[in-house]
Amino acid sequence: MDSKEMAELIDMDGLSSDIEVVTYLNSEDNKRQYVVYTKEEIQEETGNQVIYIAKMIPDNDTFKLEEITDDLEWIDVQHLLKSIANARTNG
Amino acid sequence: MDDIYEFKNNEYRLACMQIKATAYDIVTGIMRKKTANLDELFKIRDRIVELTDSFERELEKLDAEEESVKQQTSGDEKAQELAQQPTEKEEDDLNLSINKIELPSTESIPKKEKNQETGLEESNVTPIEQSMDSQTSSGSVELTPITPTKDKPEQQQNDVEQKPKTTPLAKKKFKKTTKQVSKAIMVRPNQLANLRNSRQFQEQILAKQGIFAIAERIQQQQLINKNSKELPDEVERKIEDLTVKANVYYNEGEIEKAQELYDKIRELNNQYQ
């Protein structure tokens, strides 16, 4: 049902690459928003896939990505991810 | 000695007299100027008064004219209303007779050739327009109660179906501000699927916060889902209720319950697809 949402990631050198936006996260205080994306990096043996998480800040028509450096913030983000990713397994 | 004093006195006297004379001249001159200025000011004042009086008279005239015009227009409208009332009933009778008579002639109208199924009812439009336009000065004609309603929702659906197809969604752009690599996690396929399924839900939340205008995209997708296969009314209501509850749960922090409801919604959609 949900088609993949592709996006463009532009690095500091101006090089762009295609990424898939997996989902978005919203902090509990609604002050920070995060984007979860993947570059289709799949582990062949297990089928596990790498996802990246960064803070997104709207900037006109684009979004700036800031890396998570605070440990407490990273813990909160992990909690948010787990609550969504493991929803079925708990149910 | 006396002569000298007298001579000096005379000189002083002369000087005094001259000073007095000049002072007198100056004062009189000033006075004259003052009077002249005052006279001029009085003249200007009088002119201003005259002008204001004339403006007031003209404004009064204009007000009187406007009132007379308004009275005339109101009288005309009343006369027109009185004239129209007895003729509206006649118009209805005329329309029915005109429709019956002019049905075969309206087929020649090029605009109506496309909708042949509703030709009968749409052909009623043209004679009514002609009769209404001739009798009333207004150009707008309310034809909606006469035209059929069957085709309209179909046309609307067709329009809606076309809209999402013709508007491709632009890719979002994310610009990195540092050279550091983002935090990464390895997830299992089922976890990744759960995260993907939550994307729309999360987009709605961010859209409400004004992060990005994703509401239009979601609406388009919903319209596509609706128009692709029609869901029963009961199912639609269930889905709506579940979405509302899911939003409430999420806002309250009960993410798991919200996710469960979202899964139920997805299952219901999958059942009818």
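## Salt bridges and their surroundings

Both Lys172(B) and Glu203(B) are buried, where buried means under 20% relative accessible area, exposed over 50%, and partly exposed in between (1.4 Å probe, protein chains only). This is a predicted model, in which local features need pLDDT of at least 70 and side-chain atom pairs count only at pLDDT 80 or more, while totals for chains, interfaces and linings use all residues. Residues are numbered from 1 along each chain as its sequence is written, chains are lettered from A and ligands numbered from 1 in the order in which they are written, and side-chain values use heavy atoms, leaving out hydrogens and water.

Let us stay with that first pair. Lys172(B) and Glu203(B) meet through their side chains in a salt bridge, at 3.9 Å from N to O. Lys172(B) belongs to strand 1 (residues 172-176) of chain B and Glu203(B) to helix 6 (residues 199-208) of chain B, so the pair links distant parts of the chain, 31 residues apart. Helices (H or I, at least four residues) and strands (E, at least two) are DSSP runs, numbered from the N terminus. A salt bridge here is a side-chain nitrogen of Lys or Arg within 4 Å of a carboxyl oxygen of Asp or Glu. Side chains of opposite charge can pair when their charged atoms come close.

The pair also belongs to a network of salt bridges, which links Glu5(A), Lys172(B), Arg199(B) and Glu203(B). Over all chains, the structure holds 13 salt bridges. Three of them are set out here.

| Salt bridge | Closest N to O distance |
|---|---|
| Asp29(A) with Arg32(A) | 3.5 Å |
| Glu73(A) with Lys55(A) | 3.4 Å |

In the Asp29(A) pair, Asp29(A) is partly exposed at 37% relative accessibility, and Arg32(A) is partly exposed at 26%. Glu73(A) and Lys55(A), in turn, are both buried.

Now back to helix 6 of chain B, which is mostly covered, with seven of its ten residues buried. Among them are Arg199(B), Phe201(B), Glu203(B) and Leu206(B). After this helix comes Gly210(B), with a positive phi near 85°.

Finally, which residues does Met12(A) touch? Its contacts (heavy atoms within 4.5 Å) are Lys176(B), Thr177(B), Thr178(B) and Lys179(B), not counting residues up to four places away in sequence. Met12(A) lies in the loop between strand 1 (5-10) and strand 2 (16-26) of chain A and is partly exposed, with a relative accessible area of 43%.
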